Amino acid sequence: MSWLLSLGISLGTGILSALGVGGGSLLVLWLTAFAGFSQEDARLISLLYFFPTAGAALLLHRKHGLLKKELLLPAALAGCAAALGAVLLSRLLDPAVLRRGYGFLLSGLGLRELFFASDRKGKTSKAKNPSCNRGPGVL
């Protein structure tokens, strides 16, 4: 497999991650199905990859007035607690169960986007830039 192709896929999934599309999930899929990485290695790479893309997304959201500063700390603390709980739970479960659960999660999210995305159209946020409205509840 060409390193240039892998670089292009990585760049594309990074852009999708920054936009909130779920590029991290796509990166794990790419790494496991096409690049030959184990599930554990792919998850680790995806987590390391998350930091710069999350930083870019945070800067873009701040630029467009999409951050609710009063929610940042509670959201960060809740996210860290949930991540810690998920790591501890994952150590107790069989990897096959985790893979199946992850597959169901991705399938459910995909079906939701296919069939219910139009339900969210037209909802607006209080962003400074109306072209960047993503709906209510955006941090």
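1. A residue is called buried when its relative accessible area is under 20%. With that in hand, here is a first look at this predicted model: buried residues account for 14% of the 139 residues in the protein chain.

2. Now for the overall layout. The protein chain contains 5 helices and 0 strands, and reading along the sequence gives the pattern α-α-α-α-α. Among contacts with a separation of 6 or more, 49% join residues 24 or more positions apart. As for the surface, the protein chain exposes about 10,200 Å², and carbon and sulfur atoms supply 70% of that area.

3. Helix α3 covers residues 39–63 and has 25 residues. From its first C-alpha to its last, α3 reaches 35 Å, close to the 36 Å expected at 1.5 Å a residue. Look for a kink of about 30° at Phe50, shortly before the proline Pro52. After α3 comes Gly65, which has a positive phi, near 70°.

4. Which residues in α3 are buried? They include Gln39, Ala42, Ser46, Thr53 and Ala57.

5. Take Gln39 as a worked example. Gln39 counts as buried because its relative accessible area is 17%, and the cut-off for buried is under 20%. Setting aside residues up to four places away in sequence, Gln39 touches Val28, Thr32, Arg99 and Tyr102.

6. What makes up the largest nonpolar core? This core has 5 residues in all: Leu27, Val28, Trp30, Leu31 and Ala42. Helix α2, residues 23–33, gives the most to this core, with 4 residues. In soluble globular proteins, nonpolar side chains tend to be buried together. Beyond its neighbours within four places in sequence, Leu27 is in contact with Ser10, Thr13, Ile45, Ser46 and Tyr49.

7. Finally, is Leu26 buried or partly exposed? Leu26 also sits in helix α2, but its relative accessibility is 37%, so Leu26 counts as partly exposed. Leaving out neighbours within four places in sequence, Leu26 is in contact with Thr13 and Leu16. Leu26 and Ser46 are 20 residues apart in sequence, and their C-alpha atoms are 9.4 Å apart in space.

Note on methods
Residues are numbered from 1 along each chain as its sequence is written. This is a predicted model: local features need pLDDT of at least 70, side-chain atom pairs count only at pLDDT 80 or more; totals for chains, interfaces and linings use all residues. Side-chain values use heavy atoms; hydrogens and water are left out. Helices (H or I, at least four residues) and strands (E, at least two) are DSSP runs, numbered from the N terminus. Buried means under 20% relative accessible area, exposed over 50%, partly exposed in between (1.4 Å probe, protein chains only). Contact means heavy atoms within 4.5 Å. The expected span of a helix is 1.5 Å times one less than its number of residues. The bend at a residue is the angle between axes fitted to the seven residues ending there and the seven starting there. A nonpolar core is a set of buried Ala, Val, Leu, Ile, Met, Phe, Trp, Tyr and Cys residues joined through side-chain atoms within 4.5 Å. Accessible areas come from the Shrake-Rupley method with a 1.4 Å probe; for residues, only the protein chains shown count as cover.
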